[in-house]
Amino acid sequence: MINVAILGYGTVGSGVYEILKKNPDTITKKAGDILNVKYILDIRDFDDHPEKEIFTKDYNDILQDNDVSIVVEVMGGLNPAYDFTKSALMSGKTVVTSNKELVATHGTELITIAKEKNVNYFFEASVGGGIPIIRPINQCLAANTINKIYGILNGTTNFILTKMFAEGTSFESALAEAQELGYAERNPSADVDGHDACRKTAILSSLATGTFVDYNDIPTEGIRNISTTDVLFADKLGYVIKLIGAAEIDEAGKISAIVAPRLVSKESQLSSVNGVFNAIMLVGDSLGEAMFYGRGAGKLPTASAVVADVIDGAKHLHTNKWVIWDKPEESFMAEPMDATYKYFVRTTDKNLIADLGGSEVGTTDEEIVFVTDEMKEKDFLSKAEERCSFIRILA
Ligand code: HSE
């Protein structure tokens, strides 16, 4: 029997428990042993729970129990998740997590400790919820040099943008509905301002390059400024608007990464990824293009990825499965201002189109709307940043 402790009995933690109880026979067969939930750590009381005796409020119960081999950290946030994870790995326990903030911030250190202790730090659920993407990059696509990885990494913003397109609703009312349905938090900043997608982009970029990418180095914009006018024009021009996390790796190994709303052609597969679904496109030098699609959030989809990691952890209890995630000696991020895009522009400044160049695509009562040719971000921003609202077009 392999003992497991779950840290945090929220949406994902209760989903992990549910799946382990729901499918014990198949899970035992796949793990090669019975997976027993010995502890659940939570500060709240769960007196009506059928196994209320396994709940604890004291992490030391878990840490000091040598019979616990796998710790599932699904608390979220940096603290105390960081201390709990580090001490569990140091004491020779494998840790499985869905916590993208922790992986994006302390991944290098935690992966190194896991390696030194010959255990594992697995985080399949940290990007794309239930969609397999971490293991495919690390294992199935290991033969490839990855040139590009990009996609829709946040379900809440995709729900809001889908709603704005399908029903013509404003950002504010689509956000209110996302909050009512429990997708967006009361404070929706992490989702709508792009921070969640940024951390996921940093994790994907780190795995794609084998070198830690600091999320602070990824320019990040959210979707608060997307208006119904943008939606109308995008639709008329043959585009949808999606929040895209993207990383491109050039031949010298420099990474250009950005998280921002983008106009996505209706011919792109990403354009039909709607609601809370996520999709990740990856271009490998041997494979070519591949797309990973599915539920990027939610109780059972996320728990499905966590439990798969627990099973893998059980099969490799004292064998570290290598993850290449080195600390870079010097920055290998490309200068964001040198990136090139075509821009969709709305402005009341009638001179701007002459200053930037481009093709007019329409007018509103006060504005002209145009699309630029491909140009450098620094040239665009220096001439246009204060004079218009704009959205970059996904090439
Ligand atoms: N808030 C995230 C989303 C949850 O909306 O995608 C999964 O990371």
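**View 1. The loop that carries Pro-80, between strand 4 and helix 4.** Pro-80 has its place in the loop that runs between strand 4 (68–73) and helix 4 (81–90), where helices (H or I, at least four residues) and strands (E, at least two) are DSSP runs numbered from the N terminus. The peptide bond that joins Asn-79 and Pro-80 is cis, with an omega of about 5 degrees. Most residues other than glycine have a negative phi, and most peptide bonds are trans. The model shown in all views is predicted, so that local features need pLDDT of at least 70 and side-chain atom pairs count only at pLDDT 80 or more, while totals for chains, interfaces and linings use all residues. Residues are numbered from 1 along each chain as its sequence is written, and side-chain values use heavy atoms, with hydrogens and water left out.

**View 2. Asn-118 in the loop between helix 5 and strand 6.** Although Asn-118 is not a glycine, it has a positive phi of about 60 degrees. Asn-118 is found in the loop between helix 5 and strand 6 (121–122).

View 3. A polar side-chain atom of Lys-100 lies 2.5 Å from an oxygen atom of the ligand, and a polar side-chain atom of Lys-200 lies 2.8 Å from an oxygen atom of the ligand. From Gly-155 it is a backbone N or O atom that lies 2.7 Å from an oxygen atom of the ligand. Taken alone, the ligand exposes 260 Å², of which the protein buries 80%, with accessible areas taken from the Shrake-Rupley method with a 1.4 Å probe.

**View 4. The largest pocket, which is the space taken by the ligand.** A pocket is an open set of points on a 1 Å grid over the protein atoms alone, with protein on both sides within 12 Å along at least five of seven lines, and its lining residues have an atom within 4 Å of a point. The largest pocket has a volume of about 1,200 Å³, a volume being the space filled by probe spheres set on the points, which are joined across faces, edges and corners. Of the 41 residues that line the largest pocket, Val-12, Lys-100, Glu-185, Asp-196 and Ala-297 are the closest to its centre. Helix 10 gives the largest share of this lining, 4 residues, and the elements that each supply at least two residues include helix 1 (11–22), helix 5 (100–116) and helix 12 (299–315). The lining of the largest pocket divides into 11 nonpolar, 21 polar and 9 charged residues.

**View 5. The second largest pocket and its strands.** About 620 Å³ of space lies in the second largest pocket. Its lining is made by 29 residues, of which Glu-248, Ser-256, Ala-339, Thr-340 and Tyr-341 lie nearest its centre. Strand 8 (239–249), strand 9 (255–265), strand 12 (340–347) and strand 16 (389–393) each supply at least two lining residues, and the largest share, 5 residues, comes from strand 9.

**View 6. The largest cavity.** About 40 Å³ of space lies in the largest cavity, a cavity being a set of grid points where a 1.4 Å probe fits but cannot get out. The residues that line it are Ile-111, Asn-120, Tyr-121, Phe-122, Asn-320, Lys-321 and Val-323.

Note on methods: Polar contact = N/O pair within 3.5 Å; in protein donor to acceptor, adjacent residues only side chain to side chain. Sits in = over half its atoms within 2 Å of the grid points. Nonpolar A, V, L, I, M, F, W, Y, C, P; charged D, E, K, R; others polar.
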